[in-house]
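Open the model in your viewer and keep the selection tool at hand. The stops below go from one group of side chains to the next.

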Amino acid sequence: MTAPRSLGSWILSLSAAASLAAHAADLPLTEVTDYESLQKLAAQLAQQPYEAPSQQLDPFFEGLKYDGHRKIRFREEKSVYSDLGDTYKVQFFHPGWMFKKPVVFYNVDGVTTTPIAFDQGLFDYDDLKLPENLKKPEGYAGFRVLAPHAFMGKRFEFMVFMGASYYRAVTTELGYGISARGVAVNTIGGKPEEFPDFTHFWFKQPKAGEKYFTVLALLNGPSITGAYQFDASPGKTTDMIVKATLFLRKPVEMLGIAPFSSMFWFGENSHPKPYDFRPEVHDSDGLQIEIENGPSIWRPLDVSRDLRLSVFDVDKLKGFGLGERDRDFANFQDLEAMYHRRPSVWVEPIKGFSKGSVVLVELSTGEETWDNIVAMWRPSELPKSPTEPISFEYRLAWQDEQLPGLLCKVISTRRGFVMKADDHEYVIDFTKGGLNLKKPQDWVPDVDVVVNGDPAKVLDKRVMFNRETGGWRAFFKLDVPDSTNLLELMCEMKDGDRIISERWMYQWRR
């Protein structure tokens with residue numbers, strides 16, 4: 001085994017680093033030492049015309065397909081910071097296939113900021129036959145972070161940044177699934193969607209025993225620039241503190257803060273289901289929202305032939321996220337994708353989340369390959385000029401689930417037609433919750449059902465005790481006229497006037 005390289009083996013001269021960052025020319029990239037200096041850089045960049053990051057890859061790398069690109073592996077023994085003891089390590093992804101934009105990296109040791117050069121010797125190319133006189137790439141495609149050995153008695157990859165401003169994380173118990181993004185631009189509103197890039201990263205050189213790994217990132221796109229700081233720590237809940245300052249080069253139709261992308265093909269509530277051996281296929285099965293002095297909302301995901309858009313206006317947001325609540329393998333039957341072990345993600349605002357809305361976009365899909373679910377926070381007011389920044393900070397938890405306090409939690413949503421009729425029936429299972437209700441053994445809650453939108457009539461509503469789950473099962477039926485195309489449904493359980501459950505919300509489309 002080759003001995004680990006010291007950090008100095010990756011160091012570029014400052015003049016070479018400048019040539020790698022042509023789209024950020026004349027900016028003091030090596031003067032970035034902390035979040036404040038990165039903010040200044042992003043503000044300066046917003047005053048300049050946008051120039052997209054690009055590189056002319058050697059034809060060999062340019063032509064790589066999926067199978068060829070995946071053969072290129074980073075040599076683990078050459079991880080960045082391997083010589084610093086039991087601390088975080090960094091490994092890079094090789095450009096090629098879909099990932100052709102150069103990403104530039106720096107090490108910040110508290111005194112100096114030093115570029116990290118592309119080094120072909122860091123990679124094992126397997127049986128790929130590299131041509132002679134091969135032109136080496138100008139930068140890497142992305143990176144992964146490995147946790148210290150002390151976290152689990154072994155090293156494991158827990159965080160990846162790759163492609164535009166996308167990043168993902170795992171926990172010590174749950175694998176990859178949902179993706180987060182730095183920002184969403186014009187996802188809705190009619191204008192073409194933009195996908196700004198994290199073009200430069202600065203790693204705070206880690207020390208043995210440190211809980212968090214710190215990464216600074218520069219965002220750059222046609223309409224926006226931004227400074228980001230990520231402080232990440234793996235665990236049963238992988239914890240991130242994300243703070244950012246954004247500058248608009250030009251007005252945008254929509255800005256999405258703390259956006260996620262996920263996949264929902266079909267679930268227990270989907271009709272018709274694809275001809276597939278698996279009962280359900282999804283990375284997430286619901287949107288969860290908590291409002292200060294307001295309801296705790298669970299919105300089951302679903303898709304139809306048309307785009308589904310849901311907007312939840314909120315004055316005081318406590319948190320939101322996409323959840324994967326179904327953890328029963330029997331409901332997925334997939335030994336490879338392991339959808340029942342995908343993480344939920346929860347955003348807890350720290351600052352910058354005043355009046356706005358949580359937005360959910362559900363796109364039609366015919367497969368599980370592509371993400372078709374987007375959730376984000378949309379602020380009501382946006383900056384008017386490049387000199388007016390917008391700043392925010394939030395805790396991002398990658399975890400098993402976010403519990404709705406002591407309220408009865410929604411655990412399943414099923415729907416269908418009433419036998420020998422065309423009325424629609426909904427069946428919603430709730431946990432019993434943790435509220436001390438002090439009721440007789442045969443007591444059941446009241447159920448409140450509200451229908452908004454086109455005409456429809458609630459025919460029946462009731463609650464039963466579910467012996468199998470130990471919780472409650474709510475039923476209601478709907479008479480939906482033939483002229484009705486869209487309904488917004490709400491259901492929650494009550495003890496008199498007291499709400500004891502999450503507020504179940506659903507969008508019905510013909």
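**A tour by selection**

This is a predicted model: local features need pLDDT of at least 70, side-chain atom pairs count only at pLDDT 80 or more, and totals for chains, interfaces and linings use all residues. Residues are numbered from 1 along each chain as its sequence is written, and side-chain values use heavy atoms, with hydrogens and water left out.

**Stop 1: the cysteines**

Select Cys408 and Cys491 and show their sulfur atoms. How far is the sulfur of Cys408 from the closest cysteine sulfur? The distance is 11 Å, to Cys491, which is too far for a bond. Seen from the other end, the sulfur of Cys491 has Cys408 as its closest cysteine partner, again at 11 Å. A disulfide is counted when a pair of cysteine sulfur atoms lies within 2.5 Å, and by this rule the count is 0 disulfides. Cys408 is buried, at 1% relative accessible area, and Cys491 is buried at 0%. Buried means under 20% relative accessible area, exposed means over 50%, and partly exposed covers what is in between (1.4 Å probe, protein chains only).

**Stop 2: Arg278 and its salt bridge**

Next, select Arg278 and Glu368. They form a salt bridge whose closest N and O atoms are 2.5 Å apart; the term requires a side-chain nitrogen of Lys or Arg within 4 Å of a carboxyl oxygen of Asp or Glu. Arg278 is in the loop between strand 16 (264–266) and strand 17 (281–282), and Glu368 is in the loop between strand 23 (356–362) and strand 24 (373–379), so the pair ties together parts that are 90 residues apart in sequence. Strands (E, at least two residues) and helices (H or I, at least four) are DSSP runs, numbered from the N terminus.

The structure holds 24 salt bridges.

**Stop 3: Arg342 and Asp283**

Another salt bridge to display joins the side chains of Arg342 and Asp283, at 2.6 Å from N to O. This pair links distant parts of the chain, 59 residues apart: Arg342 is in the loop between strand 21 (317–323) and strand 22 (344–351), and Asp283 is in the loop between strand 17 and strand 18 (286–291). Both Arg342 and Asp283 are buried.

**Stop 4: Arg462**

The side chains of Arg462 and Asp460 meet in a salt bridge, 3.5 Å from N to O. Arg462 is partly exposed at 35% relative accessible area, and Asp460 is partly exposed at 28%. The charged end of Arg462 also sits over the ring of Phe475, 4.5 Å from its centre. This label needs NZ of Lys or CZ of Arg within 6 Å of the ring centre and within 35 degrees of the ring normal. For another example, select Arg325, which lies over the face of Trp298 at 3.7 Å from the ring centre.

**Stop 5: aromatic pairs**

How many aromatic pairs does the structure hold? There are 46 aromatic pairs. Select Phe392 and Tyr394, a stacked pair at 6.2 Å centre to centre with 15 degrees between the planes. Both Phe392 and Tyr394 are buried. Then select Tyr426 and Trp504, an edge-to-face pair at 5.8 Å centre to centre with 65 degrees between the planes. Tyr426 is in strand 27 (residues 424–430) and Trp504 in strand 33 (residues 503–509), so this pair links parts of the chain 78 residues apart. Tyr426 and Trp504 are both buried. Rings of Phe, Tyr and Trp (its six-membered ring) pair if their centres lie within 6.5 Å; planes under 30 degrees apart count as stacked, over 60 as edge-to-face and the rest as tilted.

**Stop 6: Arg415**

The side chain of Arg415 makes polar contacts with the side chain of Asp302 at 3.3 Å and with that of Tyr506 at 3.2 Å. A polar contact is a pair of N or O atoms within 3.5 Å; within protein, one must be able to donate a hydrogen and the other to accept it, and residues adjacent in sequence count only if both atoms are side-chain atoms. Leaving aside neighbours within four places in sequence, Arg415 is in contact (heavy atoms within 4.5 Å) with residues including Asn269, His271, Glu425, Tyr426 and Trp508.
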